[in-house]
Amino acid sequence: MTQTTVTSSTSTTSTTLSGLRSLYLIRVAFSLVWVALVATTSASLVSTDKPTVTAAVLLVIYPLWDAIATLLEGRMAGTGSTDRVGTTNVALGLAATAGMIIAVFSTIGTALLVFGIWALLSGAIQLVVAIRRRRTVGAQWPMVISGGLSVLAGASFAAMSASETSSLSTVAGYSAFGAVWFLVSVIALSIRSRREQR
């Protein structure tokens with residue numbers, strides 16, 4: 001009976017690791033495509049400009065996708081609706097999406113302010129989730145680093161939103177670094193998965 005419990009636990013952990021790896025790879029792909037679109041269509045826009053339609057759509061989609069991905073991540077990690085922190089992050093992403101819909105009718109600076117506040121708060125939540133998940137899933141150090149960097153980047157975006165020289169290229173850089181850390185996390189989870197199977 002004890003052996004069955006251990007096997008079941010190992011199987012559950014393996015399924016969780018596999019699900020998270022798949023989702024993180026999707027997040028990497030999304031971020032890279034998003035960065036490419038921003039770089040080719042909107043990077044030259046500065047804070048005093050009004051966002052183009054393309055830039056507006058890209059800015060609205062980003063926090064919305066993060067909310068959806070967070071919801072999927074909670075289900076894959078086996079926490080579902082019982083995870084208050086994850087639920088808070090989903091609500092934050094939806095609120096940021098609504099705020100961005102309003103902000104994009106103003107200036108890039110206003111959009112950067114909303115994006116910065118969201119990045120700061122979601123980064124803090126990511127830190128909490130990663131620290132809590134260290135014992136159950138493991139291999140969370142990339143997400144700890146990513147969450148910390150998101151907090152710093154968010155504060156930076158909020159601060160530079162009033163500058164006339166800030167542009168959307170800074171947001172593209174944020175997303176690119178996020179993709180790198182999700183990829184590092186995939187590698188870390190893969191190593192953890194192999195150890196679990198031994």
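I began with a side-chain pair: Arg-27 and Asp-66 meet in a salt bridge, with N to O at 2.3 Å. The term stands for a side-chain nitrogen of Lys or Arg within 4 Å of a carboxyl oxygen of Asp or Glu. The pair links distant parts of the chain, Arg-27 sitting in helix 1 and Asp-66 in helix 2, 39 residues apart. Helices here are DSSP runs (H or I, at least four residues; strands are E, at least two), numbered from the N terminus.

A note on ground rules before going on. This is a predicted model, in which local features need pLDDT of at least 70 and side-chain atom pairs count only at pLDDT 80 or more, while totals for chains, interfaces and linings use all residues. Residues are numbered from 1 along each chain as its sequence is written, and side-chain values use heavy atoms, with hydrogens and water left out.

**Entry: around the salt bridge**

Are the two partners buried or exposed? I found Arg-27 buried at 8% relative accessibility, and Asp-66 buried at 10%. My cut-offs were under 20% relative accessible area for buried, over 50% for exposed and partly exposed in between (1.4 Å probe, protein chains only).

I then looked for what else Asp-66 touches. Leaving out residues up to four places away in sequence, Asp-66 is in contact (heavy atoms within 4.5 Å) with Arg-27, Asn-89 and Trp-118.

How many salt bridges does the whole structure hold? My search found two. The other entry on my list joins Arg-27 to Glu-73, with the closest N and O atoms 3.9 Å apart. Here Arg-27 in helix 1 and Glu-73 in helix 2 are 46 residues apart. Both of these residues are buried. Shared partners join Arg-27, Asp-66 and Glu-73 into one network.

**Entry: the cores**

Next I turned to nonpolar cores, meaning sets of buried Ala, Val, Leu, Ile, Met, Phe, Trp, Tyr and Cys residues joined through side-chain atoms within 4.5 Å. The largest has 30 residues, and those with the most contacts inside it are Trp-34, Leu-59, Met-100, Phe-115, Trp-118, Leu-168 and Tyr-174. Two or more residues come from each of helix 1 (2-41), helix 2 (53-76), helix 3 (84-103), helix 4 (108-133), helix 5 (141-160) and helix 6 (169-197). Which helix gives the most? That is helix 4, with eight residues.

I checked Tyr-174 by itself. Beyond its neighbours within four places in sequence, Tyr-174 contacts Tyr-62, Phe-115, Trp-118, Ala-119, Ser-150, Ala-153 and Phe-157. There is also a second, separate core of ten residues, including Leu-17, Leu-20, Tyr-24 and Leu-189.

**Entry: the chain overall**

I noted six helices and zero strands. Of the 198 residues, 45% count as buried. Among contacts between residues at least 6 apart in sequence, 81% join residues at least 24 apart. The chain exposes about 10000 Å², with carbon and sulfur atoms supplying 68% of it; the areas come from the Shrake-Rupley method with a 1.4 Å probe, and for residues only the protein chains shown count as cover.

**Entry: confidence**

Last, I looked up pLDDT, the predictor's confidence in each residue from 0 to 100. Its mean for the chain is 82, and 86% of the residues reach 70 or more. Where is confidence lowest, and where highest? Helix 1 is lowest at a mean of 73, and helix 3 is highest at 92. Over residues 1-9 pLDDT stays under 50, and the model has zero contacts beyond four places in sequence for them. Where pLDDT is low, the predicted coordinates should not be read in detail.
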